Amino acid sequence: MSLRLEMLQVARLAPKLLGDSADLVREFLLRQQNDDGGFKDRTGRSDLYYTVFGLEGLLALQAPVPVERVASYLRSCGCGEDLDFVHACCLARCWAALANADASVVASQPAELRTRLLARIAEFRSTDGGFNPAPRSPYGTAYGCFLGLGAHQDLHAQLPEPLRVVQSLKFLETPEGAWANDRNVKIGSTNATAAAVSVLRNLQVPVNASVGQWLLAQCHAEGGFLALPRAPMPDLLSTATALHALAGLQVPLDAIKDPCLDFIDTLWTNEGSFHGNWTDDHLDCEYTYYGLLALGHLSL
C-alpha cells in the first residue's frame with residue numbers, strides 16, 4: 001500500500017470520533033476551494049500543497065469531491081516542469097487523489113504528465129541517492145525522501161535504486177536513534193523521524209524498536225507531540241505524524257490516547273477545523289487533514 005493510501009485509510013476512521021461534527025469539517029473543506037478549483041493557502045490563493053490536503057480531507061470523510069473543478073486547476077499546472085520539488089510531488093499526489101475519487105479522471109490528465117513529472121522529480125535526486133528540495137544537492141533530506149517515494153507511488157512508477165534512499169537516510173540518523181531532516185543537524189526531530197520510519201517500512205527495511213520509545217518520549221505531559229525535544233509546546237502536525245509512525249511500528253498507544261484526544265480537542269473549532277498549535281489563530285486544509293489523521297489513529 002502506498003504512503004498516501006496508508007494515511008487515507010486511517011484518516012477515514014476519524015468520523016467515528018467526530019460524530020456529527022464530521023459535517024462541519026466537510027463544509028469547512030469545501031469553503032476552502034477557490035473558483036479556479038484549487039484549495040486556499042494561508043493567503044487565500046490556490047496552491048497545490050493545500051489542494052492535496054483539501055482533497056485528502058474530503059476523501060477521508062467520504063464526501064463528494066468536485067472532480068471537474070479540481071481537474072481544471074490541475075491541468076492549469078501543466079506537467080510540473082516549472083514547479084519546485086514539493087509542488088511537483090503535490091501535483092502527482094493531487095492527480096492520484098482525484099483518481100481515487102473518480103477513476104475516469106485519469107483520461108483528463110495531460111498525455112505526457114507521467115513522463116514529464118517523473119523527469120522533473122528526478123532532478124531533485126541527491127548525489128547520495130535521496131531526494132532534496134534543492135536541486136543537485138549532495139545529500140537527501142528525510143522529508144525529501146518521503147515526498148520522492150510518495151510521488152513515484154502516486155504516478156505508479158517504480159522508484160529507481162530504492163536502496164540508495166535507505167543509504168541516504170542512514171546518514172540522517174542521530175546519536176539517540178532518531179532522524180534529523182538534514183545531515184548538519186545532530187538532534188532528532190519528530191517529523192523527520194516519522195518520515196524516515198514511513199519510508200523504511202514502505203521499502204520493507206527493518207526499523208529498530210528503540211525508535212518507538214524515542215517517539216513516545218516526545219509526547220507532552222498534556223497530550224500531543226513535540227516537534228523537537230524540549231520544544232515549548234506540542235503541535236498537531238507532529239502529533240499526527242508521530243501517531244502514524246508509532247502505529248506503523250506497532251507500538252501500543254493506550255497510555256497516550258486520552259491525553260492526545262484532550263490535546264486535539266483544545267485545537268478544535270466549531271468552524272469545522274483545527275488550529276496547528278495553541279498559539280496558531282489560522283485555520284487551513286493542512287491542519288484539518290492532520291486532525292483527521294490523528295483522530296483516525298486514536299479511534300482504534
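A salt bridge here is a side-chain nitrogen of Lys or Arg within 4 Å of a carboxyl oxygen of Asp or Glu. By that rule this predicted model holds 13 salt bridges. Let's visit some of them.

Start by selecting Arg201 and Glu6, whose closest N and O atoms are 2.8 Å apart in a salt bridge. Arg201 sits in helix α10 and Glu6 in helix α1 (residues 3-11), so the contact ties together parts that are 195 residues apart in sequence. Arg201 is partly exposed at 23% relative accessibility, whereas Glu6 is buried at 17%.

Now follow the loop between α9 (162-170) and α10 (190-202) to find Val185. This residue is partly exposed, with a relative accessible area of 41%.

Next, centre on Arg116, which forms a salt bridge with Glu81 (3.0 Å, N to O). Glu81 lies in the loop between α5 (67-76) and α6 (85-101), while Arg116 belongs to helix α7 (residues 113-122), 35 residues apart. Arg116 also meets Glu112 in a salt bridge, at 3.8 Å from N to O. Arg116 is partly exposed at 40%, as are Glu81 at 37% and Glu112 at 32%.

Note on methods:
Residues are numbered from 1 along each chain as its sequence is written. This is a predicted model: local features need pLDDT of at least 70, side-chain atom pairs count only at pLDDT 80 or more; totals for chains, interfaces and linings use all residues. Side-chain values use heavy atoms; hydrogens and water are left out. Helices (H or I, at least four residues) and strands (E, at least two) are DSSP runs, numbered from the N terminus. Buried means under 20% relative accessible area, exposed over 50%, partly exposed in between (1.4 Å probe, protein chains only).
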